[in-house]
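Thanks for coming, everyone. Let's look at one protein chain together. Please have the viewer open.

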Amino acid sequence: MNPRILLLPLVAALFAGCGKDPVTPPPEEKPQLPKKAAAKPRIEGENDKSTGDRYVTQRAANLNVLSISGGTSHDFSKWFNDNDSAGICFMAKAKVDYMESFQTLPDEILKHDVVYLSANQPLDSLSRVALMSFVDTGHGMVIIHPACWYNWLDWPEFNQRLVGGGTKSHDKYGDFVVTVENTEHAVTKDLPTSFRVTDELYHFEPDPQGTPINVLATAKNLKTGEKFPAIWVVKHPKAHIVCITLGHDGATHENPAFHTLLKNSILWAAAK
Ligand SMILES: [Zn+2]
C-alpha cells in the first residue's frame, strides 16, 4: 500500500482540530501488474534446477574447464560434478563450468581451454560440430569412463578421431588392478605404479582405422589376467586428448590415485 495512505488518517485528525475539513483520501490507486522478474543471476555453486547444470567457479584462474556430462547408468551430478569439478578447481586451480543440457554448448565451449567429457546422452548436431571444432583448433579434452563407450553409433567420427576406438562391454563391477605402463608421461606422473580399484573394467578396443593411441596404463582382470587399456593419450595432430576408462562411481572418484590422475590429465590436456 502507498505509505501516503497510512498517513492520511493522522493528517485528517490533526486538521480536524483547526476547523478545516478533513482531507479526503484519494481513491485507491489502480493495482499495477507486477514487473517481470529480472533474469536470475547465475550463482556460483548453485544448481540450476531446470537443467541440472551447476556452476562451481571458485578461483581466479587462467585455466577454464567445461565439464560436459549427463546421461544414463551413472550418478553424473554426484561424481562428475560435485566430486570432480571441485577436485579440478582445487587441484588444477581451474575454473570449471558443468553442463548436462547442451543448448548453450556451441557458445560456451569457446570460452574454455579444456573439455572434461563424461556424457553418454544424445548430442545434437551443433554440439557435435562444436566439439570437433574445439579439438581441431588445438583445445584439449579429457574423455572419462561413460564417454569412452560407443555411445553415438551415428557419429563414428567421435570414437575414431577423438578416442581412437571404443568400448562395447565390461566386466561385472568389482576389483581389478591398474598398472602404469609408462611412468615417464606427465599424465601418469606421481601415480602409484599399480593400484587396485573397484570399478567396471572396460573392454576397450583400439580402432585400427582410428587415431593411434599411446597406452599409459592397463587394467587387468584378476581371475583371467586379461588386460585392456585403462589410460591412454590419443595422438591427435592438433590437440592433447586423454582417455580414462575408470570412474563408474565413488569407489574410483574418491581414490587418491584418481585425484592425481585427474589433475595431471587436465593440466596436460590444457597444454597446446
Ligand atoms: Zn559405468
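Start with His-253. Is it buried or exposed? It is buried, because 23 other C-beta atoms lie within 10 Å, and the cut-off for buried is 20 or more. One caution before we go on: this is a predicted model.

Now find where His-253 sits. It lies in helix H6, residues 250-253. Which residues does it touch, if we leave aside neighbours within four places in sequence? His-253 is in contact with Trp-79, Asn-83, Asp-84, Gly-247 and Phe-258. His-253 and Phe-80 are 173 residues apart in sequence. In space, their C-alpha atoms are 8.2 Å apart.

Let's step back to the whole chain. It has seven helices and 12 strands. Of its 272 residues, 39% are buried. What about contacts between residues at least 6 apart in sequence? Of these, 70% join residues at least 24 apart.

Next, a pair of helices. Two packed helices are described by the angle between their axes and the distance between the axes. Our pair is H2, residues 76-92, and H7, residues 256-270. Their axes come within 10 Å and cross at roughly 65°. So H2 is roughly perpendicular to H7. The crossing is right-handed.

Which residues meet there? On the H2 side, they are Asp-84, Gly-87, Ile-88, Met-91 and Ala-92. On the H7 side, they are His-259, Leu-262, Lys-263, Ile-266 and Leu-267. Notice Asp-84 in that H2 list.

Now the strands. Go to E4, residues 114-117. In a regular strand the side chains alternate between the two faces of the sheet. Look for that here. Val-114 and Tyr-116 point one way from E4. Val-115 and Leu-117 point the other way. All four of these residues are buried.

Which strands pair with E4? One is E2, residues 64-68, which pairs with E4 in the parallel sense over four bridges. There, Leu-66 has Val-115 as its bridge partner. Another is E5, residues 140-144, again parallel and over four bridges. Here Val-114 stands opposite Gly-140.

Last stop: how does the chain get from E4 to E5? Follow helix H4, residues 125-136. E4, H4 and E5 make a right-handed β-α-β unit.

Conventions
Residues numbered from 1 in each chain as written. Predicted model: local features only at pLDDT ≥ 70, side-chain atom pairs only at ≥ 80, totals over all residues. Buried ≥ 20, exposed ≤ 12 C-beta atoms within 10 Å, placed from the backbone. Helix = DSSP H or I, 4+ residues; strand = E, 2+ residues; numbered from the N terminus. Pairing = 2+ DSSP bridges. Right-handed = clockwise from strand over helix to strand, strands pointing away. Axes fitted to C-alpha atoms, helices over the stretch in contact; angles between N-to-C directions. Parallel < 35°, antiparallel > 145°, perpendicular 65-115°, else oblique. Left-handed = near helix turned anticlockwise from the far one by under 90°. Contact = placed C-beta atoms within 7 Å.
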